[in-house]
Amino acid sequence: MAWITRFLTAVAFLAVGVIFSPETFGSQSDGTKSPNLSSFIKLAHLLSFSTAWGAALWVTFIGGIIMFKNLPRHQFGNLQSKMFPAYFSMVGVCCAISVAAFGYLHPWKSATMPEKYQLGFLVSAFVFNLSNLFVFTPMTIEMMKQRHKVEREANIGDEIGWSKNQEAAKTNPKLAAMNKKFGMIHGLSSLANIMSFGSLAMHSWFLADCVLCWQNKLGVVLFILIMQ
């Protein structure tokens with residue numbers, strides 16, 4: 001995790017530099033940009049954003065639910081403890097690249113208010129992912145390991161679903177307290193993940209609107225050419 005921390009820190013500082021000092025990277029505050037870099041930056045932004053949004057969609061609403069419904073609970077938890085740090089690291093890097101690219105393409109000084117809002121959504125997604133990577137996920141994994149130990153002593157955890165855990169917690173105050181604490185931490189982690197996904201979804205709406213505008217412009221141009 002140490003190298004990820006250093007890498008994310010470097011990318012975050014780069015993103016901040018691009019936003020507030022675009023001249024350093026070839027993008028002028030009046031909106032003019034280096035033509036040699038513009039296409040590459042747009043591609044980097046699109047690929048990074050789509051990777052982050054697609055991964056968030058799959059992990060949050062599809063993959064995690066399927067695994068929970070089909071894997072023994074302890075096996076599911078151990079798998080999640082390995083998968084989530086990698087997931088939040090990847091999405092965090094993609095969000096940082098998207099922030100830097102969008103900041104380059106739309107310098108703060110010349111950006112419109114909707115563009116500034118979009119930059120805010122991307123920064124929010126990045127921050128929510130960092131909070132999960134460095135705060136909530138480590139706390140959740142540690143609490144999960146402690147609870148697994150208590151559950152193994154009670155000979156539960158190899159089943160699918162929560163039924164045996166809930167039954168055992170009725171007669172085991174220690175397990176009940178762990179369930180409550182785990183639920184609180186896991187709830188905060190889930191909330192941060194949903195907020196990150198929502199921020200990315202708002203940006204996808206913006207990109208869809210941009211595509212629609214270009215389609216309308218292209219249609220007008222084609223109509224003019226046909227009429228000539």
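**View 1. The largest pocket and what lines it**. The lining of the largest pocket splits into 11 nonpolar, 13 polar and three charged residues (nonpolar is Ala, Val, Leu, Ile, Met, Phe, Trp, Tyr, Cys or Pro; charged is Asp, Glu, Lys or Arg; the others, Gly among them, are polar). Keep in mind that this is a predicted model, where local features need pLDDT of at least 70 and side-chain atom pairs count only at pLDDT 80 or more, while totals for chains, interfaces and linings use all residues. Numbering runs from 1 along each chain as its sequence is written, and side-chain values use heavy atoms, with hydrogens and water left out. The pocket holds about 630 Å³ of space (the volume filled by probe spheres set on grid points joined across faces, edges and corners). Its lining takes in 27 residues, and Phe76, Gln80, Phe84, His186 and Ser190 sit nearest the centre. Helices α2, α3 (73–105), α4 (113–153) and α6 (173–227) each give two or more residues to that lining. A pocket here is an open set of points on a 1 Å grid over the protein atoms alone, where a 1.4 Å probe fits, with protein on both sides within 12 Å along at least five of seven lines; lining residues have an atom within 4 Å of a point.

View 2. Reading along the sequence gives α-α-α-α-α-α. Of the 228 residues in the protein, 40% are buried (under 20% relative accessible area with a 1.4 Å probe, protein chains only; exposed is over 50%, partly exposed in between).

View 3. The model has two salt bridges (a side-chain nitrogen of Lys or Arg within 4 Å of a carboxyl oxygen of Asp or Glu). In one, Arg73 pairs with Glu151, with the closest N and O atoms 2.8 Å apart. That pair links distant parts of the chain, since Arg73 is in helix α3 and Glu151 in helix α4, 78 residues apart. Arg73 and Glu151 are both buried. Arg73 also meets Glu159 in a salt bridge, at 2.7 Å from N to O. Glu159 is in the loop between α4 and α5 (163–169) and Arg73 is in helix α3, so this pair ties together parts 86 residues apart in sequence. Glu159 counts as buried because its relative accessibility is 11%, and Arg73 does too, at 5%.

**View 4. A nonpolar patch on the surface**. Trp58, Phe61, Ile62, Ile66 and Ile194 make up the patch, with about 460 Å² of accessible area together (Shrake-Rupley method, 1.4 Å probe, only the protein chains shown counting as cover for residues). Patch residues have over 30% relative accessible area and no salt bridge, with nonpolar side chains (Val, Leu, Ile, Met, Phe, Trp, Tyr) joined within 5 Å and like charges within 9 Å. Helix α2 (residues 35–70) gives the most, with four residues. Trp58 is in helix α2 and counts as partly exposed because its relative accessibility is 48%.

**View 5. Ser48 and Asn155**. Ser48 is in helix α2 and counts as buried because its relative accessibility is 9%. Its C-alpha atom is 9.7 Å from that of Val99, 51 residues away along the chain. Asn155 is in the loop between α4 and α5 and counts as exposed, at 69% relative accessibility. Asn155 has a positive phi of about 60 degrees, even though it isn't a glycine. Most residues other than glycine have a negative phi.
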